[in-house]
Each structure stands twice: as structure tokens, then as C-alpha cells.
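Hi,

Here is the model I promised to pass on.

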Amino acid sequence: LHGLGADGNDFAPIVPQLKLPSELGIRFIFPHAPQIPITINGGYVMPGWYDILNMDIEREINHQQFEASINQVRKLIEHEISQGIPSENILVLGFSQGGAVAYHTALGFEQPLAGVAGLSTYFVSQHDLEPSVANINIPMLICHGTQDGVVPLSLSEKAKNLMEKMGYQPEYKTYHMEHQVCMEEIRDIGHWIIQCLSKK
């Protein structure tokens with residue numbers, strides 16, 4: 001899931017760089033967020049999973065849109081399951097806004113998933129999440145840039161601590177970068193994906 005202002009094509013170019021073995025038969029889905037006005041950007045209409053009303057450290061957001069995006073991603077997962085893909089073979093990854101949606105979608109999903117990754121993102125803790133017992137042991141990867149001026153590193157640290165208090169065991173990695181991805185991170189994501197799916 002892409003970040004604010006991007007679209008589903010944003011991360012497609014990294015697929016070859018993940019260096020995933022063809023025998024795993026992995027298929028990627030890059031959904032597009034709806035075009036909505038973004039309050040912190042003067043109401044400018046752009047792709048966004050939800051409106052951000054205030055850029056304070058707690059990220060005041062539009063929870064109705066957040067919930068709608070979670071439901072959109074849930075439907076994508078449910079469609080794949082209906083096509084014969086076991087839920088245990090499905091990973092949910094997201095960058096920035098997309099990562100916040102990925103967390104809540106995966107942790108609340110009623111069937112076990114292969115893993116969830118949040119890249120340069122935060123946990124929308126003020127939103128009521130009902131964690132699914134099916135995913136209490138879900139593999140989790142959190143990646144963040146130490147120089148991130150958009151989503152401060154402290155927010156991913158807070159997410160990690162919250163996840164641990166909720167019983168999850170996130171793998172946490174930081175990189176010397178801003179609000180972006182880097183080759184070291186892409187390699188780590190590739191290894192993590194292989195690890196998650198090779199157990200199936």
C-alpha cells in the first residue's frame with residue numbers, strides 16, 4: 001500500500017530488486033487509494049487512504065476514511081482467498097499512510113496471514129482495534145529511516161512498543177535515510193518475504 005500522494009504504481013519498480021525466487025510464485029497487488037482532499041495540504045485533492053487533519057505527533061486523522069480503506073484492503077484479501085489463495089500465504093505491506101492501514105487490516109483480520117510490514121509509518125493507536133486471535137503470532141516487520149522528517153522515527157518506536165505490549169513480536173530495523181526506501185531496506189524486505197513464505 002503506497003503513501004500519501006502516490007499511487008499503486010509507486011512500488012512496482014522494486015519487485016525485481018527484492019530478488020525473490022520464482023519458485024515461490026509470488027504475485028503482487030498494488031491498490032490505488034481514492035482521490036480525496038487532504039486538509040494538511042490546503043485541501044488539495046490527491047491519492048490518500050485517509051485525510052490528515054493535523055500533523056501533530058499524534059496524527060489527527062479522518063477515522064471514517066481510515067476504516068473505509070481498511071475495508072477496501074480486506075476485500076482485496078478476501079477476493080484472493082475466494083480465488084483459492086490460502087490466507088496463510090498472503091502478506092500485507094504498506095508505506096507511510098499505507099503502513100498504518102496495513103497494520104490495522106492485518107491485525108484485525110479473522111484468518112491467519114503470512115505477515116505484515118510497516119515501512120516509515122505509525123500505528124493509529126487512538127483508533128479502536130480488535131486484534132484477531134488468528135494473527136496474534138503474525139510475523140511483523142517495522143522499517144524506518146533515522147532521518148525521516150515526515151514521520152518521525154519516534155512514531156515507529158512507539159508502534160513497536162505498542163505492538164509488543166499487545167503481544168506481538170515485531171522485527172525492527174532502521175536505516176540512514178529520510179522518508180523513503182533504500183536498497184538495504186529493499187534487500188531486508190525481500191529476505192523477510194522469503195522467510196515468511198518459505199515456512200508454508
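Below is what I found, going from the whole chain down to single residues.

Some housekeeping first: this is a predicted model, in which local features need pLDDT of at least 70 and side-chain atom pairs count only at pLDDT 80 or more, while totals for chains, interfaces and linings use all residues. Residues are numbered from 1 along each chain as its sequence is written, and side-chain values use heavy atoms, with hydrogens and water left out.

**The whole chain**

The protein chain has 4 helices and 8 strands; these are DSSP runs numbered from the N terminus, with helices being H or I of at least four residues and strands being E of at least two. Reading from the N terminus, the order is β-β-β-β-α-β-α-β-β-α-β-α. The radius of gyration is 16 Å, close to the 16 Å from the globule rule for 200 residues, so the chain is as compact as a globular protein of that length. (That radius is taken over C-alpha atoms, and the rule is 2.2 Å times the number of residues to the power 0.38.) The C-alpha trace spans about 45 × 35 × 35 Å along its principal axes.

Of the 200 residues, 46% count as buried, where buried means under 20% relative accessible area, exposed means over 50%, and partly exposed is in between (1.4 Å probe, protein chains only). Taking contacts (heavy atoms within 4.5 Å) between residues at least 6 apart in sequence, 64% join residues at least 24 apart.

**The sheet**

There is an open sheet of 4 strands in the order E5-E6-E7-E8, with parallel pairing; two strands pair if DSSP finds at least two bridges between them. E5 and E8 are the edge strands, each pairing on one side only. From one strand to the next, the twist averages 10 degrees.

Towards E8, Leu 141 stands opposite Glu 171, and Cys 143 has Lys 173 as its bridge partner. 6 of the 6 residues of E7 are buried, and both of its faces are covered: Met 140, Ile 142 and His 144 lie on one side, with Leu 141, Cys 143 and Gly 145 on the other.

**Helices on the sheet**

Helix H3 (residues 153-165) packs on the sheet and touches E7 and E8, its direction making about 160 degrees with that of E7. For that angle, axes are lines fitted to C-alpha atoms, for helices over the stretch in contact, and angles run from 0 to 180 degrees between N-to-C directions.

(The expected span is 1.5 Å times one less than the number of residues.) Its buried residues include Ile 186, Ile 189, Trp 192, Ile 193 and Cys 196. An α-helix has 3.6 residues a turn, so residues three or four places apart point the same way. The buried residues of H4 pack against E5 (91-95), E6 (115-119), E7 (140-145) and E8 (171-175). Met 183, also in H4, is partly exposed at 38% relative accessible area.

Which loop holds Asp 51? Asp 51 sits between strand E2 (44-47) and strand E3 (52-54), and is buried with a relative accessible area of 7%. Its side chain makes a polar contact of 2.6 Å with that of Thr 39. (A polar contact is a pair of N or O atoms within 3.5 Å; within protein, one must be able to donate a hydrogen and the other to accept it, and residues adjacent in sequence count only if both atoms are side-chain atoms.) Leaving out residues up to four places away in sequence, Asp 51 touches Ile 36, Pro 37, Ile 38, Thr 39, Glu 60, Ile 61, Asn 62 and Gln 65.

Ser 87 lies in the loop between helix H1 (63-82) and E5 and is buried, at 4% relative accessibility. A polar atom of its side chain is 2.7 Å from the backbone oxygen of Pro 112, and the side chains of Ser 87 and Glu 88 make a polar contact (3.5 Å).

Cheers
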